[in-house]
Amino acid sequence: QDSQEESVPRPPLTRSESTRSDRDGSTATDITVRASSPPQRKTLGPSVSGEEDLASGVMQESQGTKVRKLSWADQQPSSIAEDSFNIDEYEKKLNDTTAQTKELVDLLCQTGAQISENSMKMSDVFTDAVEASVRSMMDQERKDRQSAALPPIAENGESISREPPPQLVAGALPPNVESVIVSSPELKCVTGSLVLENAHILVTDEESGMFLFTLDSKIVRHVTNPNWKRAASPVIFKDRLKSYILVLMDCKDEKDGAWVRHVVKFSENLDYMEKAECPKWIREKTVISDRLAVNRYENIFYCANGEIFSGLYELAPTGKWTELLYRQSESFIDMLAFSIIGPIQQILIVEGRRDHVLLCSIRESTCVEAKRMAICERPGALAKDESGRLFVMNRAQAAIQIVDTRYWASCRNMALVDRFVPHFSAAFGMLAIPQKRAVKVHKYSFEWDD
């Protein structure tokens, strides 16, 4: 039997079987492999006890088969489970994830389409609302024009004639006319001028009193009084309740016959109303020129330019004067009540010797700040129209320029003059520029550049 075993050729071991037999020889179990059968893959089943393996080995040995030993680790199913890979489970998970992704993409597309549709609907609604508003405005404007064209009807059925609405002053001049000269032989020395809302020109004369002119040089009214002289610096105050004109004048005192400087109040038709005396302590001073200003709170300011001093004063409602600013070796040649910001009142004063403009801030009858500004090369006179636009007379260029108050600098010429202009006024698109025996009325219009 031993010789028979040696004569039977032993099949060669595969690589996996040789590796398994080399792992652990002490724990190997004898199993038989038939020599005539080709090598097959074995699937290990549940492990059996050592006695059953021994009996199986003896039985196979008796039948003439070879017995070889396998390691105990080769019989463990866990080592085989680690090397196994089930692709069906992962394919199923991939299919599920792909289906969920497709559903999310479809939902996202539907949401985007709904948002686009809602946006288009809102745009259409907004466009319809704007068009409806524009149509209603145009219809209302058309109705207003038709109602204005038709004469009103009285209760008895007869038409009522009414006066045409007042036109702007700038419309009083033809479109191709830029300026006109208002003059009269009675004018001797013009000291001030104003453009009124009714297209009349108020002119003050040092010798002849006060005049109301039309733009074609017709005298509407002439006011004079033997007890008045040296009328100058007219200013107008106008609001919804009242309006009046303030003028500086020398009035003759009834007691001693002395001439005293007063602030005289007139109506728009030059009817006398009342007067108030100027500060008494400047009677004995030599005053070269003086100016008057009033703001929208009816605060009256008086500026005196003397030989060796200049001063700014405020008239209280009780009739008491308060000194706000006193400077020596300076010359206040013009003054303007510019604006009111809360409790602060801003006054612009032209200082002629140093060619500066003082911006004085007044609070509770006290000058809290005086700031110097250089708005042009050589400022001469100031004016402000009803819209708050500020104009300055530039003596260096002999031109009246508009001032950009954002930067406090003159930016554009409005009118050219041929001589020094100590004072002028602006209102309703017109500049009233006094000359010696006439007043030049110049039309202006402009648009700000961005």
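Let's start with a term: a salt bridge here is a side-chain nitrogen of Lys or Arg within 4 Å of a carboxyl oxygen of Asp or Glu. Glu-277 is partly exposed at 22% relative accessibility. On the scale used, buried is under 20% relative accessible area, exposed is over 50%, and partly exposed lies in between, with a 1.4 Å probe and protein chains only.

Some ground rules. This is a predicted model, so local features need pLDDT of at least 70 and side-chain atom pairs count only at pLDDT 80 or more, while totals for chains, interfaces and linings use all residues. Residues are numbered from 1 along each chain as its sequence is written, and side-chain values use heavy atoms, leaving out hydrogens and water.

Now the overview. The protein chain has 5 helices and 26 strands. These are DSSP runs, numbered from the N terminus: helices are H or I with at least four residues, strands are E with at least two. Of the 450 residues, 35% count as buried.

Back to charges. The salt bridge count comes to 20. What does the pair Glu-197 and Lys-238 tie together? Their side chains meet at 3.5 Å, N to O. Glu-197 sits in the loop between β4 (190–195) and β5 (201–205), and Lys-238 in strand β8, so the pair ties together parts that are 41 residues apart in sequence. Arg-327 bridges to Glu-330 at 3.6 Å between the closest N and O atoms. Arg-327 is partly exposed at 25%, whereas Glu-330 is buried at 6%. There is also a salt-bridge network linking Arg-230, Asp-250, Arg-261 and Asp-290.

Next, the cores. A nonpolar core is a set of buried Ala, Val, Leu, Ile, Met, Phe, Trp, Tyr and Cys residues joined through side-chain atoms within 4.5 Å. The largest has 17 residues; Leu-246, Val-263, Leu-292, Tyr-302 and Tyr-313 touch the most other members. Strands β8, β9, β12, β13 and β14 each supply at least two of its residues. A second, separate core of 16 residues includes Val-182, Val-190, Ala-432 and Val-439.

Last, a sheet. Four strands form an open, antiparallel sheet in the order β16-β17-β18-β19. Pairing requires at least two DSSP bridges between two strands. The edges are β16 (332–341) and β19 (367–373). β18 and β19 pair over 6 bridges, and Leu-358 has Arg-372 in β19 as its bridge partner.
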